[in-house]
Amino acid sequence: MSGFIVQTDASLPSAVYSSNAQPVKKDGGRASQQIAKGSTLDLAELAIHTSTLGPGQMNHPLQAYNDAEELVVVKEGSLTATVKDSTRTLGPGGLALIVAGDKQSFKNTTKAPVTYYVLKFRAKDPVDIQRGQAGGGSFVKDWSKFKMVKTEKGETRPVFDQPSSMFKRFDVHATVLNPGIASHPPHTHRTEEIILMTKGSGEILIDKTSHKAAAGDVVLLRSNVPHAFTNTGSTACGYFAIQWHSNAE
């Protein structure tokens with residue numbers, strides 16, 4: 001059963017979200033597609049979209065959010081990311097975390113388009129900029145710099161696990177799952193989670209219903225909803241698993 005949802009309601013349900021059904025908004029050499037926008041148990045706002053920059057294009061001059069964090073993941077192409085006082089070039093799978101109060105700007109310095117995901121988090125808990133800086137702060141890291149660990153199911157890459165300005169703990173890791181393999185049996189947890197599919201395809205069990213999910217899709221799993229992911233394709237599939245932990249846990 002396909003579970004694609006285009007959702008902008010106040011409360012976002014557990015589901016598979018896809019940008020494919022959304023219109024492309026163009027502004028000169030820039031383009032964007034909204035994937036989801038709304039609230040969850042622990043988030044006053046969760047906004048997810050893709051942005052595409054043409055050659056030489058910039059998203060905007062350096063600017064900061066004082067009440068939100070952003071997680072940026074490169075989908076295709078090469079992105080030059082400036083976060084605070086650090087500038088690095090990221091390829092597919094490269095990631096940037098921008099905590100509240102830190103400035104960011106992204107530019108395409110190549111001759112081909114670059115597309116990246118932007119996940120914006122605004123927690124219901126109070127913003128704690130000092131905690132975010134003390135916990136490790138913002139960073140920019142390319143896919144090749146993530147340490148790869150071989151597992152019996154495929155590969156795992158710890159990306160970060162630290163306090164942030166929004167959350168007492170913010171945890172992201174990347175998984176590559178071999179064909180025919182389930183990530184784990186159906187289970188639940190208090191923590192909300194996002195699965196960002198980067199390659200391949202599979203099926204995600206959400207409560208009692210299976211949904212197809214493929215590269216480019218975003219899966220939102222609300223608190224205590226039973227879930228499990230299986231690679232049903234003939235090749236390896238990959239995804240980022242993103243979890244945020246609130247003061248209420």
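## Salt bridges and sheets in a predicted model

Lys150, Glu155 and Arg157 are linked in a network of salt bridges. The model is a predicted one.

A search of the whole structure finds seven salt bridges. One of them joins Glu45 to Arg122, with 3.6 Å between the closest N and O atoms. Glu45 belongs to strand β5 (residues 43–53) and Arg122 to strand β12 (residues 114–123), so this pair ties together parts of the chain that are 77 residues apart in sequence. Glu45 is buried, its relative accessible area being 14%; Arg122, at 29%, is partly exposed. Side chains of opposite charge can pair when their charged atoms come close.

| Salt bridge | N to O distance |
|---|---|
| Glu45 – Arg122 | 3.6 Å |

### Sheets

Strands β5 and β12 also take part in an open sheet of seven strands, whose order is β3-β4-β5-β12-β7-β10-β13 and whose pairing is antiparallel. The edges are formed by β3 (25–27) and β13 (139–141); each has a single partner strand, so one side of each is left without a neighbour in the sheet. On average, neighbouring strands of this sheet are turned by 20° against each other, direction ignored. At one end of the order, β3 pairs with strand β4 (residues 30–38) in the antiparallel sense, over three bridges. In this pairing Asp27 stands opposite Arg30 in β4.

A second open sheet has four strands in the order β6-β11-β8-β9, again with antiparallel pairing. Here β6 (63–64) and β9 (86–90) stand at the edges, and since each has a single partner strand, one side of each is left without a neighbour in the sheet. Strand β8 (residues 79–83) is joined to β9 by five bridges, and the two run antiparallel. Leu79 stands opposite Leu90 in β9. Strands of a sheet pair through backbone hydrogen bonds, either parallel or antiparallel.

### Annotated spans

According to an unreviewed UniProt entry, the annotation "domain: Cupin type-2" covers residues 52–118 and 176–240. Residues 52–118 are 0% helix and 54% strand, and the C-alpha atoms at the ends of this span are 11 Å apart. For residues 176–240 the figures are 0% helix and 52% strand, with the end C-alpha atoms 9 Å apart.

### Confidence

The mean pLDDT of the protein chain is 94, and 96% of its residues reach 70 or more. Residues 1–9 are a stretch where pLDDT stays under 50; for these residues the model has 32 contacts beyond four places in sequence.

Key. Residues are numbered from 1 along each chain as its sequence is written. This is a predicted model: local features need pLDDT of at least 70, side-chain atom pairs count only at pLDDT 80 or more; totals for chains, interfaces and linings use all residues. Side-chain values use heavy atoms; hydrogens and water are left out. A salt bridge is a side-chain nitrogen of Lys or Arg within 4 Å of a carboxyl oxygen of Asp or Glu. Buried means under 20% relative accessible area, exposed over 50%, partly exposed in between (1.4 Å probe, protein chains only). UniProt positions are given in the numbering used here, feature names are shortened, and annotations may be inferred rather than shown by experiment. Two strands pair if DSSP finds at least two bridges between them. pLDDT is the predictor's confidence in each residue, from 0 to 100. Contact means heavy atoms within 4.5 Å. Axes are lines fitted to C-alpha atoms, for helices over the stretch in contact, and angles run from 0 to 180 degrees between N-to-C directions.
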